[in-house]
Amino acid sequence: MAVCICLSFLYPLNVDATEKSSVKIELHVTGETNFVVYRVPDEVIETSQQDLKSELIQSISRMWNVKNERSESYHGGIKYTIFLNDFFTSKQKTNLSFDMDPGLLTEPFHPNQTIQFDLISNKLIEWDVNNASIFSIGFTKEFSPLSEQKYMYSGTVDSFNSFENQSYLGAMNTQKVISHTIIYYSFTIMVIFCGFIMAQRFKYHVLKHPHKKNELRKIGQKFQVPVLITIMIQFLFTMTTGTIIVYEYFYGLSLGILLSFAPLLISAFSMIIFFVRTQQKIVVELEGDENTHKSSKELWSNFVPFVVPLTLTIFLNFLLYIFPWGLFNSDSSMMNLTIVHLIELVIISLAFLSAPLFYNLLLPKKVLSEELLKEKINKLCAQHQVKFNKIYIIPSREYRMANAMVSGYFNKNLYIYDYLLDQLDDDELEAVILHEIGHVKKRHLTKNFGVILAILIVFQMVFYFIPTLGWYGLLIYFSTLSLIVTAVMRRFEFQADEFAVKHMNNTNKMIDALKKITTANYMESKEGKYSRILKTHPSVEQRISNLKS
C-alpha cells in the first residue's frame, strides 16, 4: 500500500502523453465505505472544474445514492471523490451485487475520450457482469501484493458505454476463504507452541549461565525473535491474501473485526504471557524467593498504563462507528471533515484524560504512610511548587520491579514501587523523585498528549484526502505514532535527568541511581542500534553519557 501511495503522488509527474489525456475512473467496492474516484486532466475539461463536478454528481445521483463528495487539484488535473450510500442492490452472506450504467458514469465526457475504468475490491471476491465473467467484456486483472484486487478496462467512452446497463455480482470464493481462515488461525496455534518452546529455552539458557542475569531482558528479546517472525508472517499472510478485511463485507462490522483481529491479538498476548511469566520464574530460581509466585496480579498491573488509553480509544471509536449517530450527514464535505476531527479529538482526549482514574482503580497500591519519606517528598515538591494529590506505594518486591512514575493531567499522583525503596539510599531516591518532579515542571505529560493529538490531526487529513488507505492507513498511523512518541519520550527522559542533576548539584547520585535500577530490573546498560528506537526510555549508557556531557 505504501507503494500505491507513492505512485498516487507521482502519477501526474510520470505519465506519457496518452495517459495525460486519459480520464481515470476508480470504483472502490470495500463493503462498508464505497466510493468513485475521477482523475481528470486539465486538457479534458471543457467547462470549469466546478461545473464538471456538478455534472458528475448529477449523473451518478441518477444511478446511486451520493453521500458526499470532495475535490483536490493536482499538477495537471483535478481529482473528484464521490462517496456512496446504500450502494449494493443485494448483500447476502456470500454474495453481493450492484447495478451500474456506464453511460451515467461517463456522461460528462466526449464519446471519443479515452478512459481507464478500475473496479477495486477484495482479492477473495470474484466478479461476474451480466452473468458472464468480467474478463469476457474486456477487463484485465492487475497483480497486487496486497488485499485489493484491481480489474481494469481501457478504451473510449463510446466503447465502454456499449455495454449499457451492467449488473455486477460479487461472490465470495468460499473455498479460498475457508482455507485461508484455517491457515490464519493455524498461525496462532503455531505462535502459542513456538512461544512456549522458546520461553522454556530462554529459562534453560539463563539458569545455565547465571552470570548473565543482568542481561535477562536482552536475552529474552533474542528468544522472542522466532515468535515475532511467526507473528509477522501471520500478519503478512492476512495482508497479502485479503483475509483480514474480507469478513467485514459479509458478516458486518462487529463480527468482521472480531474474526479479523482476534487471532493476531491472541498471538501477541500469548507471547507476552509466556515470556513475562518465564522471566518471573527465572527470578525465583536465581534468588530462591518462592514468594514471587504470588505476584501475578501485581506483575500484570505494569501493563495498565499502556493498555488503558488504547482500550478506551478503540472502544469509543467502535461505539461511534457501529451506531448510526447521524453525525456526518452535513451537505458540506468540509463540515464533515471538521466534525470527524472534533470527535476524534474528543475521543482521544477522553481516553487519555480519564486514564489516570483507571490507574487508581486497577493498580494495586497503598497510600504512602512512612512519615519521614512523605515529609522529604513534600519538602522537595514545595521547593519546586509542585503538588501531588496522592503519593502511592506499589508492591513490587515479589517480581523485582524498581520504578517510579507520575500520572494525571490535573490532579497528579506519584507512584513509587517498594522494590525501588529497597535498592536506593536517601540521596539516590531524592534524585529519582526530582526526576519525576522534572516531568511535572516541564509539562511532559501535557506535551506528549499534544504530540499525539497533532499526529492524529495530520493523519485525519491524510485519511480524508487518500480514502483508499483503509486498514493500511491505520497501520501507517500507529507505526508513525509509535516512532514519534517514543522519540519524544526519550527526549523527555533526558530533560528530567538534567532537571534532577541541576537541582541536586550532584551528578554522581543520579548516575548511581540509574545503575542500581538497571541492575535491580535485570536490564543491560547498553541497547542495540535499532532496538532503541522502539523504547520509551534511552539506555542507561546513553543517559549517563548525557549527564556527564
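Is S349 buried or exposed in this predicted model? With a relative accessibility of 18%, S349 counts as buried (buried is under 20% relative accessible area, exposed over 50% and partly exposed in between, using a 1.4 Å probe and protein chains only). Numbering runs from 1 along each chain as its sequence is written. Since the model is predicted, local features need pLDDT of at least 70 and side-chain atom pairs count only at pLDDT 80 or more, while totals for chains, interfaces and linings use all residues; side-chain values use heavy atoms, with hydrogens and water left out.

S349 sits in helix 11 (helices are DSSP runs of H or I with at least four residues, strands runs of E with at least two, numbered from the N terminus). Leaving aside residues up to four places away in sequence, S349 touches S354, F449 and L453, contact being heavy atoms within 4.5 Å. F449 is 100 residues from S349 in sequence, yet their C-alpha atoms are 8.3 Å apart. Helix 11 covers residues 333-362 and also holds L362, which is partly exposed at 47%.

Then there's the nonpolar core (buried Ala, Val, Leu, Ile, Met, Phe, Trp, Tyr and Cys residues joined through side-chain atoms within 4.5 Å). The largest has 40 residues, and L27, Y38, W64, F98 and F117 touch the most other members. Apart from it lies another core of 37 residues, including L380 and I544.

R39 is buried at 13% relative accessibility.
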